[in-house]
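I looked up charged pairs, ring pairs and a surface patch in turn.

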Amino acid sequence: MKNSYLKLPFLVILICFVSITKAQKTNFTVSDAINVKSISNSTLSDDGRYLAGIISDGRSRFGVDHFRFQDPSYINVFPGDFVIMDVNSGTMMYPYRAQSQVTSFAWSPDSKELAFLEQKGEKLHLMIYEVARKRIREVKIGGNPLLANSNLTWTPDGKAMMVHARASDWLDRAMELYNEATKGPVVVYDGNKPFLKWDEIRNTNALTRVLRVDLATGIPQELLPESNYGGVYLSDDNQFMIFNKTYPLKTSYVRNEGTEYQVAYKQLSNPDSTHILYKKNKQRRNYIWSESKAKFAWVDSGYVYVQTLGQDDAKNLTKGKAFTDEEKKKEVKFSINSWSPSERKILLSSDKGYWMVDAQGENLEMVYEFPEDKDKAPSLSLANWSDDERYLYFSYSEKDAWRRGFVRYDLQEKEMEDLILDHRLYSGVQKPKNSDKIILNLSDGDMPGDLVVTDWSFKELKPLTNLNPWLADKKMTRSELITYRNVDGKEMKGILYYPVDYEEGKKYPLICEVYETFFANGYNRNMNLFANQGYFALRPSVDLEMGYPGEAWVKGITAAINKLVDEGKVDNYKVGVQGGSYGGYATSLLITQTDRFAAAINISGKVNIISFLGDSPKIGTRNYTAAEYGQDRIGGTLWDEPLKYLATTAVLYADRIKTPHMIMTGEGDWNVPGTNSRELYYAMRRLGKDVVWVNYLNGGHGAGAASDESDFHDHWNRVFEFYEKHFNKKEEEGEKE
């Protein structure tokens, strides 16, 4: 008893300390949302010693000129703090004192130098950072070619680099097309030509030639003439260059049509020698290359073929060797996962499990059988193959709970072993060529992630960055995975974000952010801003059905809301809904079907799917394909399914809308032009509805949140004020009832 009394004062002090600490935290504001930092373009050296990347916050995207989309002369590398980290010591090196515009990092084979492109004015320059000397030098390329923003490739000896550059007359040709389409004074759109005008501009913008640049002298050598290259690679023995070429034929409204593809290689000792691996074909062939690029495999009609570079004979590894039934009437169809480190084996997969086959076509066997209930089985994705080829390492994620991490499969014992599994988020795994270290991004599921260094045992996760320590003093939301059933009885998942300072038993307003399906959590700017307004926030999932997309949101979202209301968490009179882009479209369509919401906000979302087909010429046929068999899921053309287009066009049902609606657009939005959203504003105003349209003249896709810093603040302040105004109004109306 005496000891218990002695502990009591300590507990009181501890509780008081925790309370004071919590009280000292301040709200997460719009300014804070801008200040959250992240690292991008991170690139690990082959020896695993150094990691290069760009650290930036929300300001990096404020300088975009949305009106110059597809302008061939416009280059916009996002600015940030260029950093190189010593993975062993955690030391940070900053090659530049101020923010810079750099991209396309590539480490030298000996990991002593880092190549990158730097934007200076309207041009990109090839730069080299020498780690030991902490010095930057520019490689001044002879003839001063105009470089393109694409991958840089070192030669294996480290003496030269492959770069993508423009032909000498490319800019003149490209600008002539662009200016004719944007400045006129007369613009002619001729349906008899093979390409839409903006497809022709896009095709021209994709053209590059490939140069080999001597890093000591800057002397360039043309390896490939001007064309559209989808990928260029060097073999480890420095004998071969492999390249994929794309040949646009015409503008097509059907996927995988209108283009031909070719894969070829040439001997570097003889630049004029070109060997065709895959002749021009309308079907794209996806080659899976071994690490050394000495061998490659592909799938044709479910069969796996393998070939050695420089040889003409291809070998079918699977034909007649695996069947789906005992009568051997139907053969197993395979896909390719990975070559083994020795390049003697290949990991395959089928709908039944993982298979192993020798690169000579021997010993095909299933090594891991998938669980029978695939819908509930965890998702596995191959992350690594051990050097001794005994173990396969997979990233792991369960489908009905936040349990994620990595597992290891023992190919010898045929056993799966958990390595690290918990609620946290693991992403962006980078593995160096010559080290067992790995770098990954780690988040607790609510806070922004940071980089950690570990190895394939995952016994220790050593922090490498701490980008946002100040967030420890901010009130941040916490997330929860919820389960509910939609109107059809199908089980759905959603992510619920709690208000800061949440009190059990108290009812709060709710904002639903809609799109399609949500499952994985992670730091979310919007959800934190709403939580700091004292709101619950919800990202509900919906079951979208091809041919009937308009019904899904009202079936799924309202069911999720009702569950939260029934649990006593949410104030029935203070429920709002919003979405961006496709989610904005969903929001406007949703409020034509229900008056469940006190307020609704459409951010850069269409409201008329018919006029949207041609509203944004800069993206070509995307809107047609999206409507017919893409994201919009109508399942047919306007002329095949006119009633379905009418049924999913919100502006036609504006007379049914009872919900106060705010529409937010960006004048420079080339994706969903504000002119489309404007239609609903005019319609609702004509009908005497409660509607406001906010158009940001410097904004892009995302309205004020995709503009400048001043507009970003204005955007969010308007959102908060809109909900608060109508929540209070709805509450007053509810009390009168």
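I took buried to mean under 20% relative accessible area, exposed over 50%, and partly exposed in between, with a 1.4 Å probe and protein chains only. Glu398 is buried by this rule, because its relative accessible area is 17%.

Basis. I worked on a predicted model, in which local features need pLDDT of at least 70 and side-chain atom pairs count only at pLDDT 80 or more, while totals for chains, interfaces and linings use all residues. Residues are numbered from 1 along each chain as its sequence is written, and side-chain values use heavy atoms, with hydrogens and water left out.

Entry 1, salt bridges. Side chains of opposite charge can pair when their charged atoms come close. I counted a salt bridge where a side-chain nitrogen of Lys or Arg is within 4 Å of a carboxyl oxygen of Asp or Glu. The count by this rule is 35 salt bridges.

I looked up Arg173 and Glu226, whose side chains form a salt bridge at 2.8 Å, N to O. This pair links distant parts of the chain, as Arg173 is in helix 3 and Glu226 in strand 13 (residues 220-227), 53 residues apart. I took helices (H or I, at least four residues) and strands (E, at least two) as DSSP runs, numbered from the N terminus. Arg173 counts as partly exposed because its relative accessibility is 29%; Glu226 is also partly exposed, at 29%.

I then returned to Glu398, which meets Arg403 in a salt bridge of 3.1 Å, N to O.

Lys563 is partly exposed at 28% relative accessibility, and Glu567 is partly exposed at 40%. I also noted a network in which salt bridges with shared partners join Glu113, Glu130, Arg133, Arg135 and Arg137.

I paired rings of Phe, Tyr and Trp (its six-membered ring) if their centres lie within 6.5 Å; planes under 30 degrees apart count as stacked, over 60 as edge-to-face and the rest as tilted. How many aromatic pairs does a search of the whole structure find? It finds 46.

Phe105 and Phe116 are an edge-to-face pair, 6.3 Å centre to centre with 75° between the planes. Phe105 lies in strand 6 (residues 102-107) and Phe116 in strand 7 (residues 113-120), so the pair ties together parts eleven residues apart in sequence. Phe105 is buried at a relative accessible area of 11%, and Phe116 is buried at 0%.

I next examined Tyr368 and Tyr409, an edge-to-face pair at 5.2 Å centre to centre and 70° between the planes. Tyr368 is in strand 25 (residues 365-369) and Tyr409 in strand 28 (residues 404-410), so parts 41 residues apart in sequence are tied together. Tyr409 is buried, with a relative accessible area of 4%.

I recorded a cluster in which ring pairs link Phe530, Tyr535, Trp716, Phe720, Phe722, Tyr723 and Phe727.

My criterion was NZ of Lys or CZ of Arg within 6 Å of the ring centre and within 35 degrees of the ring normal. Lys197 lies over the face of Tyr189 at 5.6 Å from the ring centre. Lys606 lies over the face of Tyr585 at 4.3 Å from the ring centre.
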